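Please read them with the model open.

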Amino acid sequence: MIYLDSAATTAVHPDVIKVITEALTTHYGNPSSTYQLGRTAHELLESSRQTIARCLNVSSDEIYFTSGATEAINWAIRSQAYQSRELGLGNHLVATSIEHSAVLKCLEQLENEGFTYTLVNPNSEGEFTVDQFEAVSTPQTTGWIAMAVNNEVGSILPIESISKAAQSRGYWFHCDTVQAIGKVDCDYASYPITSFVVTGHKISGPKGVGILVYRPQNPAMQLHPMIVGGGQERSQRAGTENIPYIAGLAKAIELATGELTQHLAHYQSIKDDLLTSLKAHQIEYHLNGDTTHSVDNIVNLWLPDFESAKLRIQMDLVGIAVSAGSACSAGSIQPSRILKAYYPNETDRLVQSLRISFSPETTKNEIDQFVKTLVELKEKGDK
Ligand code: PLP
């Protein structure tokens, strides 16, 4: 099988599996228990937190373990929205229209609870700017939300300028860094971001584990616990901690940040191979998204000679996993809302685009196989 869909999820790194297995077999105590076995599990929990804090350049008491990014995103946005309303700061939020559905669905729910929000679209260059956020902010605005890297097209957003502008207006700023950690050489913690999130399964770690980093500028902006019960995670997120996966997550973050330079060079070379090979074989393509600011591990291609839903199935039949960037609903293909945000008037592009995404293990040979399949399908006229 040729796996070219690493933006969806990744295989777990052998070193991560080792750490998880060790924790499952040896450190199975409840970290809240006070005898030796519990204390060892607690030590592993806290050393994992410290490893992550060091890798992400944050303080360990700013880290909260969650079941993944979706939970962390919901927690960060709800908590800050509720708290700012309680403090009388306002009830309006601004976000980009290309956020993950964890953000957008959360905003929809908040709307039912009396909040309002405005979504900002990419401009004609495919970029987002501070001006766009400022233009739609009102006296009721309390928070801005922007992702660091979009998961479908790989666009890198200008988080430094947006977070600094949010800070200067006294707003909280939430950033979804799920697709940026290990993919962008950037110290996000050096910006005034009040909350950001990481998930294990996008960086060769396990699924179902992630973190919320919470660093309010305003000390009155307390976290609101969303899951109540025991006193875990400083009484902010109840439930016995998933020690094996937390230890695995720490290992995955350590690898992703520690080997960043090699990984970035690898992604760049694989992307170059892909685009060079497409050109050499006269496969027409256009890059989707912000083509000036984008990660190299996600390539979203408009392929005018192909219909993406069909192409994804044809690729699957020969053992190549890629993403069409569109969902099939009630028998009809729904074009990706992300591509729609970038290209509202280009109907063909919406149904002729494909996302290919790489991991540190992706090989040139796999890219050759992918292009060879495209060439064969084009020659057969079966598109
Ligand atoms: N945010 C982005 C940008 C993502 O790509 C994903 C995963 O699809 C998520 C959030 C959700 O992460 P999780 O699967 O850990 O809930």
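**Ligand shell and cavity**

1. The shell around the ligand comprises four nonpolar, seven polar and two charged residues. Here Ala, Val, Leu, Ile, Met, Phe, Trp, Tyr, Cys and Pro count as nonpolar, Asp, Glu, Lys and Arg as charged, and the others, Gly among them, as polar.

2. This is a predicted model: local features need pLDDT of at least 70, side-chain atom pairs count only at pLDDT 80 or more, and totals for chains, interfaces and linings use all residues. Residues are numbered from 1 along each chain as its sequence is written, and side-chain values use heavy atoms, with hydrogens and water left out.

3. Thr70, Asp176, Gln179, Thr199 and Lys202 come nearest of the 13 residues around the ligand (a heavy atom within 4 Å counts as near). Helix 3 (residues 69-86) gives the most to this shell, with three residues. Helices are DSSP runs of H or I, at least four residues, and strands are E runs of at least two, numbered from the N terminus.

4. The ligand taken alone exposes 400 Å², and the protein buries 85% of that (Shrake-Rupley method, 1.4 Å probe).

5. Strand 10 (residues 298-302) gives the most to the lining of the largest cavity, with three residues. That lining has four nonpolar, four polar and two charged residues. Among them are Val153, Lys271 and Asp290. A cavity is a set of points on a 1 Å grid over the protein atoms alone where a 1.4 Å probe fits but cannot get out; lining residues have an atom within 4 Å of a point.

Conventions: On a 1 Å grid over the protein atoms alone, a cavity is a set of points where a 1.4 Å probe fits but cannot get out, and a pocket is an open set with protein on both sides within 12 Å along at least five of seven lines; lining residues have an atom within 4 Å of a point.
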